[in-house]
Amino acid sequence: MLRAFDARTGKVLWQQRTNSGIVGAPISFEVDGVQYIAVQSGWGVDAQRIQDALAKLNIGYNPDVPQGGMIWVFALRSSLPAPR
């Protein structure tokens, strides 16, 4: 789950379930006056290796680690009035 928080109150402003765990630090960038947040989710082949290593421990736990890394990108709505 990717969540955005209000820096002053700690309140969750929005959240989005992703296909797997968040594995990269979110970044922010601007294109043509629109701010975006991007983050990597999913492990790709590393997930299979982690899953195989955990299964070899033979502790009765067979994890199902979602694979298939992807980049999620969100456009942010501005809460500021448009410049005049």
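1. Rings of Phe, Tyr and Trp (for Trp, its six-membered ring) pair if their centres lie within 6.5 Å; planes under 30 degrees apart count as stacked, those over 60 as edge-to-face and the rest as tilted. By this criterion the structure holds three aromatic pairs. The F29 and Y36 pair is stacked, because the ring centres are 5.4 Å apart and the planes stand at 20°. A second stacked pair is formed by W72 and F74, at 6.2 Å centre to centre and 15° between the planes. Ring pairs also link W14, W72 and F74 into a cluster.

2. The model is predicted: local features need pLDDT of at least 70, side-chain atom pairs count only at pLDDT 80 or more, and totals for chains, interfaces and linings use all residues. Residues are numbered from 1 along each chain as its sequence is written, and side-chain values use heavy atoms, with hydrogens and water left out.

3. The secondary structure comes to one helix and five strands, in the order β-β-β-β-α-β along the sequence. Helices (H or I, at least four residues) and strands (E, at least two) are DSSP runs, numbered from the N terminus.

4. Two strands are taken to pair if DSSP finds at least two bridges between them. β1 and β2 run antiparallel and are joined by four bridges, with A4 opposite W14 in β2. These two strands form a hairpin with six residues between them, in whose turn G10 has a positive phi of about 80°.

5. Strand β3 (residues 27-31) pairs with strand β4 (residues 34-41) in the antiparallel sense over five bridges, and S28 stands opposite I37 in β4. Two residues lie between the strands of this hairpin, where D32 takes a positive phi near 50°. β4 also pairs with strand β5 (residues 70-75), again in the antiparallel sense, over six bridges. In that pairing V39 stands opposite W72 in β5.

6. Burial is classed by relative accessible area: buried means under 20%, exposed over 50%, and partly exposed in between (1.4 Å probe, protein chains only). Of the 84 residues of the protein, 17% count as buried.

7. T18 is found in the loop between β2 (12-16) and β3. With a relative accessible area of 10%, T18 is buried. Its side chain makes a polar contact with the side chain of S41 (3.1 Å), and a polar atom of the T18 side chain lies 2.6 Å from the backbone oxygen of S20. A polar contact is a pair of N or O atoms within 3.5 Å; within protein, one must be able to donate a hydrogen and the other to accept it, and residues adjacent in sequence count only if both atoms are side-chain atoms.

8. Which residues form a nonpolar patch on the surface? They are V23, W43, I50, L54, L57 and I59, with about 530 Å² of accessible area together. Patches are made of residues with over 30% relative accessible area and no salt bridge, nonpolar side chains (Val, Leu, Ile, Met, Phe, Trp, Tyr) being joined within 5 Å and like charges within 9 Å. A salt bridge is a side-chain nitrogen of Lys or Arg within 4 Å of a carboxyl oxygen of Asp or Glu. Accessible areas come from the Shrake-Rupley method with a 1.4 Å probe; for residues, only the protein chains shown count as cover. I59 is found in the loop between α1 (45-56) and β5, and counts as exposed because its relative accessibility is 61%.
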